[in-house]
Each structure stands twice: as structure tokens, then as C-alpha cells.
Amino acid sequence: MADYVIVGGGAAGCVLAARLSEDPDVTVLLVEAGGQDRSFLFHWPAGFTKMTKGMASWGWSTVPQSWMQDRAIWFTQARVIGGGSSINAQIYTRGNHDDYDHWAMTHGCAGWSHREVLPYFKRAECNDRFANDYHGTDGPLSVAMPKATLPVCDSFIRAAQEYGIPFNPDFNGSEQAGVGFYQLTQQAARRCSTSVAYLRPALLRPNLAVLTNTQALRIMLENHRATGVEVEHKGQNRHLQAIREVIVSAGAIGSPRLLLLSGIGPTDHLNHVGVSVAHDLPGVGENLQDHIDICALAELHGSDSYDGWDRPHKAALAGLRYLLFKTGPAAASLFEAGGFWYSETADAQPDIQLHLGQGSGIEKGIVSLDGSGITLNSANVRPRSRGTVRLASDDPLDPPLIDPRYWSETQDLEVSLQGLKMVRDILAQPALRQFVSREVLPGPEVQSRDELFDYACRMAKTDHHPVGTCKMGHDEMAVVAPDLRVQGLDGLRICDSSIMPQINASNTNAPTIMIAEKGADLISGRDPLPPAIRKPLPERTARF
């Protein structure tokens, strides 16, 4: 029994557990299906390369994607304390200011405009470089410049400028567009997950308890009020009673999945899979959005990337170098430079995000070269396609049916193909000639529209940014109100990336932490932080 039972110890759940337990008069119980983050691979930056290939993951894939030649795509979702913040590439980006203004104005989510969420980004952040109107310096989450970039990163940044993208020293400042180095959620060349930054210090409090390796089975309801959670722990079912509220923070796949298993969702679907309807809520599992990217891969003249360091003798050397000096391959998140730019059909804000990988075969499904290579990813960060999360059956252990419906909107495919052209053009710029010997993928022979589409269908992958499946708002498909209460039920809130009505145009870890920071104030009844003072809009970066 606890005042608050939080289901999901991921990026949001760890923040909520820490913030809510600051009040010594309340008790907090955090429940996580995965285990502890004890392995060094969770803490050394380069450990990320093991994560997208299955470590600490649920092992799910999408259903066959109708608009991608029926290909099913590996869909990494974290199963470990800290969630996505424990297995991601540590890139710290918030999205565009307009993203949050659209939440407030277009979707009717009062209190969630950029001016109103910026103080929560700042409250979370301890930035090692910037101290200004956009950044915090005394929060729990360490945000740092990368420590292990290779010279090819600088040449990539110059090549992107030759292509026409201006340099930007801070993607989270006044202007998003441009190219440069990403900041990372790291401290002293170690990953700074929400498990490390928030939960670990809070565990000293007597009013906070954590259950790991504990699978939530359903939310218990009485008279349209959530009273607790039924879980499976050490082979036995237990009922965890919530005195005040149940808070679901299981992510954009796990949160709607748990609601559906509890009979909260669209009546037709629940009837179809044999789940008794407790509360008809049509929007649960709808509005799934995700970023999908396509890469180009180039072979280098020499050994100027991190390829080959996974061989046993070199891995041992890299580990020793890291332990002694916190430098070298193990200190690299491998995606440390990139940027934001416009496709030919972009509106006022960038719709393409670039990630430079300092090697080949970094993520699952991408080719590893025998020699040395680099990977340049392009993601459409303003997708129009919307998908669903559904149950395969009423068995809580069955994988969910994840259907992002990638490229179901024609413009999304066009933006993706334009992004592919962009990265190929950047790799061909003069600044990279000292490094790049040839394009390996797609390869110079791939030029026609049909050939590019076939390549895209084979190589496109998720950026691991699903959101929106329990969206916030007031329309008939809204699942939560702007105070994160589930529509039509008492004692139940959702607080994670699933509440986003529209995906932010960047990586999603930082916005998820912001949502939890603000959510903690909403849940505890504290006054919201004062909105940021409106600044004059910067002059827009020229697109061409």
C-alpha cells in the first residue's frame, strides 16, 4: 500500500518517484517490469550499441508495414530501470518551440506552451556549457558536451555547411535549425539516466520503495476509480493498493497496453480480444507517432572511425583506456554530431534531423563494414502518419500489436526520400573527401525513384521515439486532460511520452523528462513554475 503507485520505472517514472517522494508525508511505490541497471554497459556511453540489438529490451517488432513492402521493423522498447534514458544514445534535444505552442493552441492543452514548459526543462537540467534563458545549471540531469568525438565529426559539420546548413552551437536555444555537436545526458563521460540522476539519490528516503522485475497485469477499478494495480512478482500475483492515485508511466506502448488489459479503451477492440469493458475510451492506443530514419553509409580511406573496436583485444584496450582516462571508443555515444534542416516541402520549421554515426553497424539491421566507415542518418521529425497499439489477446504476456503505419501519408515518404538525398549530398561535399573513399549504401548505382524506394523499405528503421497513444486534450479521442487525469476515471493519471498530442521534432527523452517534472507538480498540487519571459523571436535562419 502506498499513496502513489507508479507503474513503469522508465525515464518518466524515475523522475516522478523522486519528485513525489520529496514530500515526507506521502509514500511512493515504483513498479518496473525490468531489472536493475547494474551492468557497466548501461553506464559506459558506448554501451548504447548493445541496446538497440536487444539488451534490456522487450524484443518487440511492428506488425508488417503495408506502405513499406510489408516489412516488420524491430522496435526497441526498454525493459530496465531508467527505461529509454538507460539505453538510448544520450542525445539531449527538446524539439522546436512551436511544438509545444501547438500543444497549447492547436490541441487545447492549456499550460503546455513553450513558455510554460521551458521552466521545467531548466529545472531538470545541469548544463556544463550554457547558462542562459534556455538552460539550467543546478538540476539533477547532467547535460554535457561530448568527450570522444573523432576528427570526422568536424569535417561532417564543415561539409553540412558547404551543403548550405549553417552552424548552430545550441539546438535547444533560440533557434533549432543548423548543424553542430549534440549535447548528451552524461556526467564525467558516464551516462546520466533518470535512474542515476533522480531515482538513486531518492532511494535514501524511507517513503520511497521500488519493485523491479514486476509485471503489471491490470489496473484495479472500483466505481470508476483506480484503487491499485495487480502485478506478477516472483511468480505470484499481488494487489498493490494506491491510497491517492495510480500513475501509469509505462511509455507510448506500455501505457496503452496496460489500460487495454484493464478494460479501459475502445469497446469494439476490447470485445474482440475478450477483455471485459470497464470504461469505454476510444483514444487509447490511437494516435501512435514515431520518427523513422534512413541512412547512407560511407567507407573511409583509413581507420578514422570506431569500427573494429568491438573485436575482443581492441575492446579490452578500449575498456582499459576508459577506466583510466574516460576517453576513447567506450566514452563515445557514437552519435554526437548532427543537425536540423528543411526538406523541400517543409513549413516554417525544420522537418529533417541528421545523426552522424562514427562507425558502421551501430544499430540493429545496419551493415558493418570490414574496414572503416561512417553512417549518416536522416529522420523525418514531423510525420503525418498515425498508427495504433492494440492487444493480440487478453493475455498480459502476449506482445502488443504495434502498427505505426509508417509512410501511410504520402508526404512522409517524400520527406524521407528527400532526407536520404540530403545525407548523400553532404557525404559528397569537399570537406569530407579527406575521409570518405566511396558511398557503400545506397551505392552510386541506386538512383531511380523505384530503386530509392526499395532501398528505403529495406533499410528504414525506427528512431525509437514512439509517442501519442494516450494523448492529452479535450476532443473525443483524448485520453487524458491537460492535468494528466484519465478522462472519466478518478485516481488515475498517465505521465509519459504517450500523452503528447503531437510528436516533438527531435529526440524524445528530454521532453519525456520535462513531462514528468511538470506532471509531478500537477499530481502533488504544487503551483506551476512561472512561465518564461517571452523573448523577441530570432531572425529565421535562411533555408536556401
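Which residues does Ser-524 touch, not counting residues up to four places away in sequence? Ser-524 touches Tyr-4 and Leu-20, where contact means heavy atoms within 4.5 Å. The structure is a predicted model, in which local features need pLDDT of at least 70 and side-chain atom pairs count only at pLDDT 80 or more, while totals for chains, interfaces and linings use all residues. Residues are numbered from 1 along each chain as its sequence is written, and side-chain values use heavy atoms, with hydrogens and water left out.

Ser-524 lies in helix α13. Helices (H or I, at least four residues) and strands (E, at least two) are DSSP runs, numbered from the N terminus. Ser-524 is partly exposed, with a relative accessible area of 31%. Buried means under 20% relative accessible area, exposed means over 50%, and partly exposed lies in between (1.4 Å probe, protein chains only). The C-alpha atoms of Ser-524 and Arg-19 are separated by 9.1 Å. Along the chain, Ser-524 and Arg-19 are 505 residues apart.

Helix α13 (residues 509–524) also meets helix α5 (residues 114–124). Their axes come within 9 Å and cross at roughly 105°. Axes are lines fitted to C-alpha atoms, for helices over the stretch in contact, and angles run from 0 to 180 degrees between N-to-C directions. The two helices, α5 and α13, are therefore roughly perpendicular to each other. Angles under 35 degrees count as roughly parallel, over 145 as roughly antiparallel, 65 to 115 as roughly perpendicular and the rest as oblique. From α5, the contact is made by Val-117, Tyr-120, Phe-121, Arg-123 and Ala-124. From α13, the residues include Ile-513, Met-514, Glu-517 and Asp-521. The contact of α5 with α13 has 8 nonpolar, no polar and 4 charged residues. Here Ala, Val, Leu, Ile, Met, Phe, Trp, Tyr, Cys and Pro count as nonpolar, Asp, Glu, Lys and Arg as charged, and the others, Gly among them, as polar.

Aromatic rings were examined next. The whole structure holds 11 aromatic pairs. Rings of Phe, Tyr and Trp (its six-membered ring) pair if their centres lie within 6.5 Å; planes under 30 degrees apart count as stacked, over 60 as edge-to-face and the rest as tilted. The rings of Trp-58 and Trp-60 have centres 4.9 Å apart and planes at 20°, so this pair is stacked. Trp-58 is partly exposed, at 23% relative accessible area, whereas Trp-60 is buried, at 6%. For Phe-171 and Phe-340, the ring centres are 5.4 Å apart and the planes are at 75°, so the pair is edge-to-face. Phe-171 lies in the loop between α6 (151–163) and β6 (178–181), and Phe-340 in strand β17 (residues 335–341), so the pair ties together parts that are 169 residues apart in sequence. Phe-171 is buried, with a relative accessible area of 6%. Phe-340 is buried too, at 1%. Tyr-100, Trp-103, Trp-112 and Phe-121 form one aromatic cluster.

Charges also sit over rings. This requires NZ of Lys or CZ of Arg within 6 Å of the ring centre and within 35 degrees of the ring normal. The charged end of Lys-314 is over the ring of Trp-309, 4.4 Å from its centre. Arg-257 lies over the face of Trp-58, 5.3 Å from the ring centre.

Arg-257 is one of the buried residues of α8. In helix α8 (residues 251–261), 11 of the 11 residues are buried, so α8 is largely enclosed by the rest of the structure. Just after α8, Gly-263 takes a positive phi of about 80°.
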